[in-house]
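I opened a notebook page for this structure. The entries below record what I looked up, in order.

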Amino acid sequence: MGQRIHFVVDPQGWCCMGLIIFVWLYNTIFIPKVILFPHYEEGNISVVAVFCYYFCSLFCIASLFRASVADPGELPENPKIPVTEREYWELCNKCNMMRPKRSHHCSRCGHCVRRMDHHCPWINNCVGEDNHWLFLQLCFYTQILSSYTLILEFCHYYYFLPLKKEDWDAFAFRHELALLRISAFMGLIILGGISRLFYTQLMGIFTDTTSIEKMSNCCEDISRPRKPWQQTFSEVFGTHWKILWFIPFRQRQPLRVPYHFANHV
């Protein structure tokens, strides 16, 4: 069964996501035009470097779109509560619906989300149980793409041999310095912000706590022992195969684990 498409009507989210897509398009168009292809034609870099850049760019935009339209774990109006799990469900005081513990009501989306971490305007969607793995992939590949872009720009000026430019009338070469400075500025800003976010997300998975739980200081109220990190990551990504944690072109299969945890100390 395919994953349900989730679309949030939020103009602020559209603007934030549009800005991210603009930065992605900017670097995907101008970096190959100014650096990759000219240096490849003159033998300064190999075709592998060009392929890797587009590979990172593809995985970055794929994880962005999938995290944006994926259902984060919205609860249905009349959820079927397993008999063995009823004591781990509670009533939401905002929408008056039963929900499993560790769920949260998103005021921007207007519904409860299972194991909601936070609402992210940059993907115009909540980050919850069913799309958290895509959000992690987005952070991971954005860091790689930003770092790769900054390395290419550094090598272009300080390492590679000067280009024997022929088409001096082309826009990309007439404004090369300005274009690459803008790219470097955007790359540094995004890399700094995403790296910090990615670190907090990883720490949250290692400790099995969401961002909302950390902010509300309710982690001590959740009576559950600490899980091994392999299990927490497997639950987020929906598979024990670690190689699949890096692939956004797949369907997540939730592991059959209860909403509480009492098997490991």
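**Entry 1: Overall make-up.** How many helices and strands does the protein have? I find seven helices and six strands, taken as DSSP runs numbered from the N terminus (helices H or I, at least four residues; strands E, at least two). From the N terminus on, I read the order as α-α-β-β-β-β-β-β-α-α-α-α-α.

I note that the model is predicted, with local features needing pLDDT of at least 70 and side-chain atom pairs counting only at pLDDT 80 or more, while totals for chains, interfaces and linings use all residues. Residues are numbered from 1 along each chain as its sequence is written, and side-chain values use heavy atoms, with hydrogens and water left out.

Entry 2: Of the 265 residues, 47% are buried, that is, under 20% relative accessible area with a 1.4 Å probe, protein chains only. I then looked up contacts (heavy atoms within 4.5 Å). Among those between residues at least 6 apart in sequence, 64% join residues at least 24 apart.

**Entry 3: Helix 1 and helix 5.** I looked up how helix 1 (residues 11–41) packs on helix 5 (residues 176–207): the angle is about 135° and the axes are 10 Å apart. Axes are lines fitted to C-alpha atoms over the stretch in contact, and angles run from 0 to 180 degrees between N-to-C directions. The two helices are therefore oblique to each other, since angles under 35 degrees count as roughly parallel, over 145 as roughly antiparallel, 65 to 115 as roughly perpendicular and the rest as oblique.

**Entry 4: Nonpolar cores.** A nonpolar core is a set of buried Ala, Val, Leu, Ile, Met, Phe, Trp, Tyr and Cys residues joined through side-chain atoms within 4.5 Å. The largest has 40 residues, and Tyr-53, Ile-123, Leu-152 and Phe-237 have the most contacts inside it. Helix 3 gives the most to this core, with 11 residues. Apart from it lies another core of seven residues, among them Cys-106 and Ile-212.

**Entry 5: Helix 7.** Is helix 7 largely enclosed or open? Seven of its nine residues are buried, so helix 7 is largely enclosed by the rest of the structure. Helix 3 and helix 5 are included in what covers these buried residues, one of which is Phe-237. Not counting residues up to four places away in sequence, Phe-237 touches Trp-133, Leu-136, Gln-137, Trp-245, Arg-250 and Arg-252. After helix 7 comes Gly-238, with a positive phi near 75°.

Key
Buried < 20%, exposed > 50% of the residue type's maximum accessible area, 1.4 Å probe, protein only.
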